Amino acid sequence: MTSVGIDAIEVRTGRLKLDLAETFAPEKGDDPAKYTKGLGLFASSFPDAYEDIVTMGANAAYSLMEREGLEPEDIGRIDVATESAFDNSKPVSTYIAGCLEEVYDGDFHHANKGERKFACIAGTQSLDDAVNWILAGRNRGRGALVVATDTALYARDSSGEATQGAGAVAMYITEDPDVVELSTEQGYGSADETDFLKPNQQFPSVDGKRSMQVYLARMREALEDFERAAGDTHPDDYAYIPFHTPFPGMVRKAAVLGYRHMIRGTEVEDELAADIGRQPRREDFDSREEFDDAISTYVDDLTETDAYREWYADTIEPTLSISSQVGNWYTGSVHIARVSALMHAAENDVDLAGQELLVASYGSGAQAEIHAETVQPGFVDEVAQLDVDDQIDDRYDITFEEYEQIHDRHNHEKSVELEPFTQPEGEFVFDGWGPMNERKYTFVE
Ligand code: CAA
């Protein structure tokens, strides 16, 4: 079987930072701990006045191509995943290709381009499309460029405002990849849901509390479906489990349910039984309510055990470091969780090559997908070239008034001119509108 997966990854954060504890919470009359402890978020990234989904995606793709020494002729398709698109016909991938053609001699006329939409899971779907294209032998030796790019903005004064973010992830998908090989086994949990949607509107209609329940329900289905394809899972099988991370607190809830599922009927459940009993089984209860209460108690007790805490610290916590500083990047979110884990492994000399990741993606509306990935020996060199920590540190820290200005600047229903807070250098920037109401971009030296 051909080995196909991610050969290179590049990350691009929006260049502004909203400090949630110091700047946002006081204005909202919230305890800062709601953000740092409850949601697990310290800051959100925002796009400066000259940034948008195209510039962030194109800048990530350009860095990746420069680093890997790629030319347009090496790339046979460009798939962009986003839920922040500004055009119902012309895909963002054409804009990104147009940007890249400004700086390369070659062009992308030969490349198949598209745009994937299924809320946050579209990034993983685009990755799957690229892998399948290569496995089908249709790539003629070329790789695929997958870009997940979003400005996750919510309406002012809505509850989602706490979980905003902006950034892009570019991935190069090839045979014999340097970073991770994808498993062909996949599990899905998919249902017609109205937890979060944007019916031809920029800011989402969202039922926050229900969206969390739908996330957990679909994730559980996807894990069961993955096991039907790949066999039973066990917590020790995976070095890291990157989840879709709208905010780290969501992953905290998902991880304990996944752990409970994976240890059922194993030696781990037996060993824990002396302390917290065995997992409640449905057949032992007269009513659904009694069973649910018993499960809830078991889960609370499970989170307090050393076995769970150690597993969480080793397997989940390292996936959350970037997310806790940048907020929700929608389609890119699960991919920065993978990057966080790989960076953590490289920085701590973890012998990860050959070990497995379990990657758990989610998109509202709603669908979860789970697949495994095998880490490749080249991952250390790849992540060593990422400058994501510097990008995060270098963001301009906005005041609350500046936050209001930048939110308005990116509101499609307002027409706000705003001096940028940062100085663009060696990157693509938004440059106004053309005669067909198209957005225009230029490369600033
Ligand atoms: N100290 C410690 N913890 C505190 C605290 C304090 N002082 N104050 C509050 N908290 C805790 C709360 O207990 C809560 O944690 P639990 O859920 O574990 O109880 C957490 O902090 C958040 O507090 P609230 O529930 O009061 O926050 P909220 O009402 O503002 O809503 C939200 C949170 C529903 C996530 C909201 O931000 C939202 O609607 N976000 C957008 C939707 C979303 O991200 N949903 C996630 C699943 S859908 C998905 O994943 C797709 C996607 O990307 C959008």
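Guide: One may begin with charges and rings: a charge sits over a ring if NZ of Lys or CZ of Arg is within 6 Å of the ring centre and within 35 degrees of the ring normal. In this predicted model, Arg 439 lies over the face of Phe 86, 4.9 Å from the ring centre. Lys 90 is placed over the face of Tyr 95, at 4.6 Å from the ring centre.

Visitor: How many aromatic pairs are there?

Guide: Rings pair if their centres lie within 6.5 Å, and planes over 60 degrees apart count as edge-to-face. The count comes to 23 aromatic pairs. One of them joins Phe 196 and Tyr 330, edge-to-face, at 5.7 Å centre to centre with 80 degrees between the planes. This pair links distant parts of the chain, 134 residues apart: Phe 196 belongs to strand E9, and Tyr 330 to the loop between helix H11 and helix H12.

Visitor: Is Phe 196 buried or exposed?

Guide: Buried means under 20% relative accessible area. Phe 196 has 9% relative accessibility and therefore counts as buried; Tyr 330, at 1%, counts as buried too.

Visitor: Which residues come nearest to the ligand?

Guide: Of the 26 residues around the ligand, the nearest are Lys 34, Lys 209, Ser 211, Lys 253 and Asn 328. A side-chain N or O atom of Lys 209 is 2.4 Å from an oxygen atom of the ligand. Ser 211 places a polar side-chain atom 2.8 Å from a ligand nitrogen atom. The protein covers 74% of the 1,000 Å² of accessible area that the ligand has on its own.

Terms used:
Residues are numbered from 1 along each chain as its sequence is written. This is a predicted model: local features need pLDDT of at least 70, side-chain atom pairs count only at pLDDT 80 or more; totals for chains, interfaces and linings use all residues. Side-chain values use heavy atoms; hydrogens and water are left out. A residue is near a molecule or strand if one of its heavy atoms lies within 4 Å of it. A polar contact is a pair of N or O atoms within 3.5 Å; within protein, one must be able to donate a hydrogen and the other to accept it, and residues adjacent in sequence count only if both atoms are side-chain atoms. Accessible areas come from the Shrake-Rupley method with a 1.4 Å probe; for residues, only the protein chains shown count as cover. Rings of Phe, Tyr and Trp (its six-membered ring) pair if their centres lie within 6.5 Å; planes under 30 degrees apart count as stacked, over 60 as edge-to-face and the rest as tilted. Helices (H or I, at least four residues) and strands (E, at least two) are DSSP runs, numbered from the N terminus. Buried means under 20% relative accessible area, exposed over 50%, partly exposed in between (1.4 Å probe, protein chains only).
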